[in-house]
Amino acid sequence: ELRLAPNHIEQADAHAPGTIENIVVTRGRVEIRSEREAPCVLEQGDAILFEADVPHSYRNLTDREALAYLVMTYVETIG
């Protein structure tokens with residue numbers, strides 16, 4: 001669960017190589033930025049899947065708390 005205060009920007013460092021994030025916004029309007037992709041604005045019910053092994057951010061574009069659910073998928077190494 002990702003709760004973002006009004007007009008807040010949350011900066012995230014790059015995760016391990018191959019990490020993927022899936023985010024679904026359930027309340028508010030959130031801008032997702034990643035070094036590899038153009039910024040994307042999500043509203044209630046919207047989702048995005050992106051490579052999270054680069055710095056990225058989540059920004060609440062409203063004056064109310066935004067709520068999203070985030071699932072990270074990590075690459076497993078076999079060896």
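Visitor: Which residues does S57 touch, not counting residues up to four places away in sequence?

Guide: First, the ground rules. This is a predicted model, where local features need pLDDT of at least 70 and side-chain atom pairs count only at pLDDT 80 or more, while totals for chains, interfaces and linings use all residues. Residues are numbered from 1 along each chain as its sequence is written, and side-chain values use heavy atoms, leaving out hydrogens and water. Contact means heavy atoms within 4.5 Å. By that test, S57 touches I9, E10, Q11, E31, I32 and R33.

Visitor: Is S57 buried or exposed?

Guide: Buried means under 20% relative accessible area, exposed over 50%, and partly exposed in between, using a 1.4 Å probe and protein chains only. S57 counts as buried because its relative accessibility is 8%.

Visitor: Where does S57 sit?

Guide: Strands are DSSP runs of E, at least two residues, numbered from the N terminus. S57 lies in strand β7, residues 56–60.

Visitor: What is the strand order in the open sheet that holds β7?

Guide: Strands of a sheet pair through backbone hydrogen bonds, either parallel or antiparallel. Two strands pair if DSSP finds at least two bridges between them. Here the order is β2-β7-β4-β5, four strands with antiparallel pairing. β2 (9–12) and β5 (37–43) each have a single partner strand, so one side of each lacks a neighbour in the sheet. The twist averages 15 degrees from one strand to the next. Axes are lines fitted to C-alpha atoms, and angles run from 0 to 180 degrees between N-to-C directions.

Visitor: How many bridges join β4 to β7?

Guide: Five, with β4 spanning residues 29–34 and the two running antiparallel. I32 stands opposite Y58 in β7.

Visitor: What is the order in the open sheet with β1?

Guide: β1-β8-β3-β6, again four strands with antiparallel pairing. β1 (2–4) and β6 (47–51) are the edge strands, each pairing on one side only. Neighbouring strands are turned by 25 degrees on average, direction ignored. Five bridges join β3 (residues 20–27) to β6. There, I23 stands opposite I48.

Visitor: How many residues does the largest nonpolar core have?

Guide: A nonpolar core is a set of buried Ala, Val, Leu, Ile, Met, Phe, Trp, Tyr and Cys residues joined through side-chain atoms within 4.5 Å. The largest has 14 residues, and those with the most contacts inside it include L4, I23, I32, I48 and Y58. β1, β3, β4, β6 and β8 (66–73) each supply at least two residues of this core.
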